[in-house]
Amino acid sequence: MMLKFPMLWLLVFSLSPFSSSARPAPYALRISCGARDNVHTPPTYTLWFRDFGYTGGIPYNASRPSDITPPLKTLRYFPLSEGPENCYKFQSVPRGHYSVRIFFGLVPDSDFDNEPLFDISIEGTLIYSMKSGWTKQEDQAFTEALVFLSDGTASICFHSTGHGDPAILSIEILQVDNKAYYFVQGWSEGLILRTAARLTFGTSKARFDEDYSGDHWGGDRYWSPIRNNADHTLATDHRIKQASDAPNFYPEALYQTAVVSSDSQPGLTYTMDVDPNRKYSIWLHFAEIDDRVTGIGQRVFDISINGHPEFQDIDVVKMSGDRYTALVLNTTVAVNGRTLSINLQPKNGGSAIINTIEVFEIIASEFKTLPEEVSALQALKSALGLPHRFGWNGDPCVPQEHPWSGADCHLNTTTNKWFIDGLGLDNQGLRGFLPTDISNLHHLQSINLSGNNIHGAIPSSLGTLTSLELLTIDDNAGLCGIPGLRPCGPHLSASAKIGIGFAVSLCFLLLVICSMCWWKRRQNILRAQMIAARGAPYAKARTHLSHDIQLSKHQNHGHSRTAVENGPSLLS
Ligand SMILES: *[C@@H]1O[C@H](CO)[C@@H](O)[C@H](O)[C@H]1NC(C)=O
Ligand SMILES: *[C@@H]1O[C@H](CO)[C@@H](O)[C@H](O)[C@H]1NC(C)=O
Ligand SMILES: *[C@@H]1O[C@H](CO)[C@@H](O)[C@H](O)[C@H]1NC(C)=O
Ligand SMILES: *[C@@H]1O[C@H](CO)[C@@H](O)[C@H](O)[C@H]1NC(C)=O
């Protein structure tokens, strides 16, 4: 029965004429970190895949840091012994625009640092550094960003900052409209928008798009309730026009609550803490749901951000076209200080209204490292048996705040690709060998491998690296093959050595047996010749001879039956 119900529902849904006109469902991948099996969560029977095979780390039971986290029971954490960078790499993600959301977890064990702080990157770009106190604020239990994924993969990494072990509850990769949150100035696929705040006014309920029956193309946004007792709240059941439209598909319910400024304090101000010296994209939502406002010109206000006027003479009824109709304004601001303050100032003695505010930090995507250099470093990582503490996961050069240890990175500003021009792996107790792929590090100028236990030949392909000026390799007794080192003998594995030893012994044994045969045979011939010389027929002599030998053997070694039976075969 449990299985039949959703299938029946699916059948009914797919037969309905409504579905044929609807847009195909967006790509959605949800991961329950540390889960042994796929999980379905209430109330919408949402499917979360287990994360087996995506990454290292340790699965563990979770305690949920806030009420809004999905009701999942497990997490995955990454102790420092597993290295400073740990990544999930998802394959076969269709090219598109995505909302990526990561919920943080807490390990319910007093031995662990209770509030881990770490950095999160998506596709090599650092999107968020966690702030202390995050466990006490609902909307800080996750980080979320809008990113373009163009190469079929999604790489999400967690970078230790020395404050506890990164612990992850869930990862969601939800496709949104390609034009979602499109803003004209400088908008491109090279930009990431990290959600800094998403607020709904006039309600005390935290909500996700799903709770509002929002369109799946909206990316299941989380809306934090904001309620200030001094302001007058409004709520309506009236339908709202132009709400759930492309590209952003805002749930209609967002426009059904609002706050308006009171007569005693005519302005509305919202202030939040931000990171300084960043750019923010700000989206303001309005719908005139106040019965007292019946037409154009009755509520007009100006909007300023950090004191700078951004929008003049906002008249929601006029600009949206009607009452109960959604209006969305967006603007981009640079913020030098640590606060972002949005002020709505009414004109003509009226009041201001606001339904929803969204604030995104605008982040420029990092450029990536040349793919062949990444593969070369990965080959080097396994050939040298690099210990976990090196990390060496994700991209070698980005995020720039967390490059791979030992790799010196440079950006080619013509191609916008990072390359490696130096490797410092001295005194790391490395025991492996140098792979030939190392010659794919075409820009290497120096490698320092001194003070390790590296063995085997220096790959001759290293000679093709024209820019290589410095190869230090002291104190690696096992290295060979260039002037100043011992010449390379054949390099044999242990099993090859055993094989050769065995073959040599076998040859020696065969040689001994053959020479014994030859000696015996020669003795017999000599004896036969002696008998023939005495006049007996050769054939008879043979018979007698064999009899003689058998007899003599019986006499001499009475115990040896084998020797008797072997007698004739030795003679034939
Ligand atoms: C995790 O939870 C399950 C069931 O809730 C329990 O059986 C298991 O022992 C727990 N594991 C740890 C490490 O606490
Ligand atoms: C954002 O604002 C710009 C004007 O500043 C406008 O051209 C653009 O269409 C707006 N984006 C959306 C999705 O409304
Ligand atoms: C950057 O790349 C271009 C094109 O491949 C190349 O000509 C140039 O030499 C490179 N610059 C550096 C500093 O490697
Ligand atoms: C390589 O590392 C060793 C040991 O740390 C150091 O003594 C040596 O100066 C380094 N060589 C270069 C060229 O940096």
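Predicted model: local features only at pLDDT ≥ 70, side-chain atom pairs only at ≥ 80, totals over all residues.
Guide: A polar contact is a pair of N or O atoms within 3.5 Å, where, within protein, one atom must be able to donate a hydrogen and the other to accept it.

Visitor: With the side chain of which residue does the side chain of H402 make a polar contact?

Guide: H402 lies in the loop that runs between α4 (371–383) and β26 (407–412). Leaving aside residues up to four places away in sequence, H402 touches E85, D119, L126, H159 and S160. The polar contact of the H402 side chain has a distance of 2.7 Å, and the limit for such a pair is 3.5 Å. The partner side chain is that of D119.

Visitor: Is H402 buried or exposed?

Guide: A residue counts as buried when its relative accessible area is under 20%, and as exposed when that area is over 50%. Because the relative accessible area of H402 is 14%, H402 is buried.

Visitor: How many disulfides does a search of the whole structure find?

Guide: A disulfide is a covalent bond between the sulfur atoms of two cysteines. One of the disulfides joins C87 to C157, with 2.1 Å from S to S, and another joins C397 to C409, with an S to S distance of 2.2 Å. The search of the whole structure gives a total of two.

Visitor: How many residues apart are C87 and C157?

Guide: The disulfide between C87 and C157 links distant parts of the chain, with C87 in strand β6 and C157 in strand β11. Both ends are buried, since C87 has a relative accessible area of 12% and C157 one of 4%.

Visitor: Why is the disulfide of C87 and C157 given its hand, and which hand is it?

Guide: The hand follows from the torsion about the S-S bond, which for C87 and C157 is about 105°. The disulfide is therefore right-handed.

Visitor: Which hand has the link of C397 and C409?

Guide: C397 and C409 are joined by a disulfide, whose link has -85° about the S-S bond and is left-handed. This pair too links distant parts of the chain, twelve residues apart, from the loop between α4 and β26 to strand β26 itself. C397 is buried, as its relative accessible area is 3%. The hand asked for is left-handed.

Visitor: How many of the ten residues of strand β11 are buried?

Guide: Strand β11 (residues 154–163) pairs in the antiparallel sense with strand β6 (residues 85–90) over six bridges, and in that pairing F90 stands opposite A154. Strand β8 (residues 117–122) also runs antiparallel to β11 and is joined to it by six bridges, with L117 having H163 as its bridge partner. Strand β11 is largely enclosed by the rest of the structure, because the number of its ten residues that are buried is seven.

Visitor: Over how many bridges do strand β7 and β12 pair?

Guide: Strand β12 (residues 167–176) is mostly covered, with ten of its ten residues buried. Strand β1 (residues 28–32) pairs with β12 in the antiparallel sense over five bridges, and S32 has S170 as its bridge partner there. Two bridges join strand β5 (residues 74–77) to β12, again antiparallel, with I168 as the partner of R76. Strand β7 (residues 96–104) is also antiparallel to β12, and the bridges between them number eight.

Notes. Residues numbered from 1 in each chain as written. Chains lettered and ligands numbered in written order. Heavy atoms only, no water. Buried < 20%, exposed > 50% of the residue type's maximum accessible area, 1.4 Å probe, protein only. Helix = DSSP H or I, 4+ residues; strand = E, 2+ residues; numbered from the N terminus. Pairing = 2+ DSSP bridges. Contact = heavy atoms within 4.5 Å. Disulfide = S-S within 2.5 Å.
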